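Visitor: I have a model open here and would like to go through it piece by piece. Can you help me read it?

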Amino acid sequence: QVQLVESGGGLVQPGGSLVLSCAPSVNILSIIAMGWYRQVPGNERELVAAIASGGGSTTYADFVKGRFHITTDNTKNMMYLQMSTLKPEDTAIYYCNAFYSINGGAPQDFWGQGTQVTVSS
């Protein structure tokens, strides 16, 4: 099992910034890929951004390109999502995801408990 602990959510005004953090319970360099997803009640969970192992290649959803930045800090064993120019439509529960193989088995998805981000004046 992989535990993922998110932090950093909260209430922010439109145009503001926020940083989400995710701490995995395993060595971050052993994780194939990590990402941030978000979900609004009644909607499907959607990919926001993803990053390959060791801070490699990144992928962003079109609706966050140029506003959000995903990074990892291998020395701190952490993943971050820097969010700027936030919009009310960014309001959602944000989930940390890890794609990880346990003992060389088939990789599977692991999820954090989610952190609420609310963009409102």
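Visitor: How many bridges join S9 to strand S11?
Guide: 3 bridges join S9 to strand S11 (residues 115–119), and the two run antiparallel. Strands here are DSSP runs of E with at least two residues, numbered from the N terminus, and two strands pair if DSSP finds at least two bridges between them. One of the bridge partners is Val-117 in S11, which goes with Ala-92.

Visitor: Before going on, what kind of model is this?
Guide: It is a predicted model, in which local features need pLDDT of at least 70, side-chain atom pairs count only at pLDDT 80 or more, and totals for chains, interfaces and linings use all residues. Residues are numbered from 1 along each chain as its sequence is written, and side-chain values use heavy atoms, with hydrogens and water left out.

Visitor: Back to S9. Which strand pairs with S9 over 7 bridges?
Guide: Strand S4 (residues 33–39) does, in the antiparallel sense. Within that pairing, Met-34 has Ala-98 in S9 as its bridge partner.

Visitor: And how many bridges are there between S9 and strand S10?
Guide: There are 4, again antiparallel, with S10 covering residues 108–111. Tyr-100 stands opposite Gln-108 of S10.

Visitor: Different topic. What is the order of the open sheet of 4 strands?
Guide: The order is S1-S3-S8-S7, with antiparallel pairing. Strand S1 (4–7) and strand S7 (68–73) are the edges, each pairing on one side only. From one strand to the next the twist averages 15 degrees; the axes behind such angles are lines fitted to C-alpha atoms, and angles run from 0 to 180 degrees between N-to-C directions.

Visitor: What holds paired strands together in general?
Guide: Strands of a sheet pair through backbone hydrogen bonds, either parallel or antiparallel.

Visitor: How many bridges do S1 and S3 have?
Guide: S1 and strand S3 (residues 18–24) pair over 4 bridges in the antiparallel sense. Ser-7 stands opposite Ser-21 in S3.

Visitor: Now Asp-90. Is it buried or exposed?
Guide: Asp-90 is buried, at a relative accessible area of 0%. It lies in the loop between strand S8 (78–83) and S9.

Visitor: What does the side chain of Asp-90 reach?
Guide: The Asp-90 side chain reaches the backbone nitrogen of Lys-87 at 2.8 Å. Leaving out residues up to four places away in sequence, Asp-90 touches Arg-38, Arg-67, Phe-68, Thr-85, Val-117 and Val-119. Contact means heavy atoms within 4.5 Å.

Visitor: Thr-85 is in that list. Where does Thr-85 lie?
Guide: Thr-85 lies in the loop between S8 and S9. Its relative accessibility is 45%, so Thr-85 counts as partly exposed. Thr-85 also has a positive phi of about 45 degrees although it is not a glycine.

Visitor: One more residue. What does Gln-82 touch?
Guide: Gln-82, found in strand S8, touches Leu-18, Val-19, Arg-67, Phe-68, His-69 and Thr-71, not counting residues up to four places away in sequence. Gln-82 is partly exposed, with a relative accessible area of 36%.

Visitor: Last, the chain overall. How many helices and strands does it have?
Guide: The protein chain has 0 helices and 11 strands. Of its 121 residues, 40% are buried. Among contacts with a separation of 6 or more, 52% are between residues 24 or more positions apart.

Visitor: What box do the C-alpha atoms fill?
Guide: Taken along the principal axes, the box is roughly 45 × 30 × 25 Å.

Technical notes: Buried < 20%, exposed > 50% of the residue type's maximum accessible area, 1.4 Å probe, protein only. Polar contact = N/O pair within 3.5 Å; in protein donor to acceptor, adjacent residues only side chain to side chain.
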